[in-house]
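Hi there,

Here is the structure I promised to pass on to you. Have a look at it first, and then read on for what turned up in it.

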Amino acid sequence: MSTRQSRTEAEHQALQDLLPWYASGALPESEAAQVQDHLRTCAACRADLAWQRKLLETEGPLPAGLDAERALARLMPQLDAPSMPAVHATSQTPYAPAAAQRGPGDRLRGWLAICGGWQFAALAAQFAVIAFLAWPRAEAPAAYQALGNGLAGTPDLLVVFKPQATVQDVQRLLQSGGAHIVGGPTVTGAYMLDVEPARQAALLAALRADPAVDLAESLTPGGQP
Amino acid sequence: MEEGMLLQRIGEGDRAAFQVLYRAYFPRLARFLDRMTRNVPLLEEIVNDTMLVVWQKAGSFDGSCKVSTWIFAIAYRQALKALRGLDEPLEAQDEQPGEPVHEPEHALAARQLQRGVSRALDSLPMEQRLVVSLTYYHGMAYQEIAETMGCPVNTVKTRMFHARQRLKDMLSDHLREKQ
């Protein structure tokens with residue numbers, strides 16, 4: 001066959017490059033015919049094709065925990081909102097999902113993010129009230145906060161307060177540790193804290209020792225386990 | 001209903017048509033985005049951001065490419081914005097608990113290969129990983145992938161070439177078994 005004679009390494013390479021799309025049936029007819037022709041004379045490409053077909057069958061399951069209906073229910077009310085850029089990403093905010101700017105939980109989070117400089121006593125008291133009001137609908141938005149991808153910078157510590165913890169407890173712990181809340185509550189009720197590096201270890205120890213705290217963990221790479 | 005028709009209706013403000021398209025694309029987009037992030041809530045939000053753009057821009061779709069290519073391209077851009085600066089290797093997916101020992105040998109081998117491929121894919125640079133995913137698991141032609149990712153066709157082929165080399169190296173045991 002002429003193909004055998006004229007096959008150069010370059011041609012072989014070009015046709016081998018197309019094998020994944022030949023295997024998936026996504027090549028235009030003319031290219032598929034060329035590949036087919038080449039396959040008759042090229043054992044290496046035949047073996048490669050067999051391997052490509054194996055790979056095509058390896059589609060894994062969807063990630064656990066996805067819920068299309070839940071996500072759709074969150075989205076539908078936003079269709080009425082005036083058209084705006086769906087992603088409000090800026091250099092300061094690596095990612096603020098569309099929903100995140102609109103749900104009560106995320107209004108809370110956005111509010112928290114810009115209120116870092118406020119007097120914390122006032123913040124904590126208002127936070128408690130708003131968190132309570134937002135709680136029933138805060139479940140999903142609260143979970144958008146990817147650790148290490150916070151809106152107001154990278155959180156340093158994660159803390160879960162006990163249910164019986166009071167606003168005064170939260171206020172006392174955060175004020176004494178020089179920390180402020182930059183995210184949360186997550187679905188598990190955790191808050192992300194920002195604290196000066198020099199004070200992280202002391203605050204972590206204090207949180208862990210405090211009866212109002214259920215769990216405290218460092219989120220920084222060099223932090224205490 | 002044909003997707004182009006759905007999109008036209010969505011452009012006219014038809015919410016029912018939007019829900020049909022949403023439900024059809026949710027698993028497809030989730031599978032695609034799963035190669036970019038393992039954060040399920042974030043993944044759902046990127047899908048929502050994508051579909052919100054679809055809702056807002058459906059009227060301007062000009063039919064110059066497939067509806068699926070248009071939607072995946074939106075998803076890709078939204079995901080890049082969402083994950084800006086975070087192109088880190090994906091954490092390997094959790095291993096499923098061991099199945100009963102009476103699982104047929106061929107099924108076990110297939111599952112092992114699936115896990116091996118998934119782990120190998122996770123270790124590829126994101127662009128290569130996505131080209132592989134769009135090719136193998138979404139049936140996209142290389143031209144469509146180029147449109148989705150906003151890059152030249154040759155770049156798609158080059159990414160696939162490097163991805164294949166690395167997959168071959170990483171999966172050489174599976175490869176030998178199958179030959």
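In chain B of this predicted model, helix H1 (residues 3-11) and helix H2 (residues 15-33) cross at roughly 135°, and their axes come within 8 Å. An angle over 145 degrees would count as roughly antiparallel and 65 to 115 as roughly perpendicular, so H1(B) and H2(B) are oblique to each other. The crossing of H1(B) with H2(B) is left-handed. On the H1(B) side, the contact is made by Leu6(B), Arg9(B) and Ile10(B), and these meet Ala17(B), Phe18(B), Val20(B) and Leu21(B) of H2(B). Sorted by class, that contact has 6 nonpolar residues, no polar ones and 1 charged.

H2(B) also has a partner in the other chain. Helix H6 (residues 68-75) of chain A packs with H2(B) at an angle of about 140°, and the two axes are 10 Å apart. That angle makes H6(A) oblique to H2(B). Here the crossing is right-handed. Ala68(A), Ala71(A) and Leu72(A) are the contact residues of H6(A), while H2(B) brings in Gln19(B), Tyr22(B), Arg23(B) and Phe26(B).

From H3(B), the contact takes in Leu42(B), Ile46(B), Asp49(B), Thr50(B), Val53(B) and Val54(B). Facing them from H4(B) are Ile71(B), Ile74(B), Ala75(B), Gln78(B), Ala79(B) and Ala82(B). The classes here are 9 nonpolar, 2 polar and 1 charged.

Now for a strand in chain A. How many of the 5 residues of strand E1 (residues 157-161) are buried? The count is 4, so E1(A) is largely enclosed by the rest of the structure. E1(A) pairs with strand E3 (residues 191-194) of chain A in the antiparallel sense, over 3 bridges. E1(A) is also joined to strand E4 (residues 213-218) of chain A by 5 bridges, and these two strands run antiparallel.

Enjoy exploring, and write back with any questions!

Best wishes

Terms used: Residues are numbered from 1 along each chain as its sequence is written. Chains are lettered from A and ligands numbered from 1 in the order in which they are written. This is a predicted model: local features need pLDDT of at least 70, side-chain atom pairs count only at pLDDT 80 or more; totals for chains, interfaces and linings use all residues. Axes are lines fitted to C-alpha atoms, for helices over the stretch in contact, and angles run from 0 to 180 degrees between N-to-C directions. Angles under 35 degrees count as roughly parallel, over 145 as roughly antiparallel, 65 to 115 as roughly perpendicular and the rest as oblique. A crossing is left-handed if the near helix is turned anticlockwise from the far one by less than a right angle, and right-handed if clockwise. Two residues are in contact if their C-beta atoms, placed from the backbone, lie within 7 Å. Ala, Val, Leu, Ile, Met, Phe, Trp, Tyr, Cys and Pro count as nonpolar, Asp, Glu, Lys and Arg as charged, and the others, Gly among them, as polar. A residue is buried if 20 or more other C-beta atoms lie within 10 Å of its own, exposed if 12 or fewer, and partly exposed in between; C-beta atoms are placed from the backbone. Two strands pair if DSSP finds at least two bridges between them.
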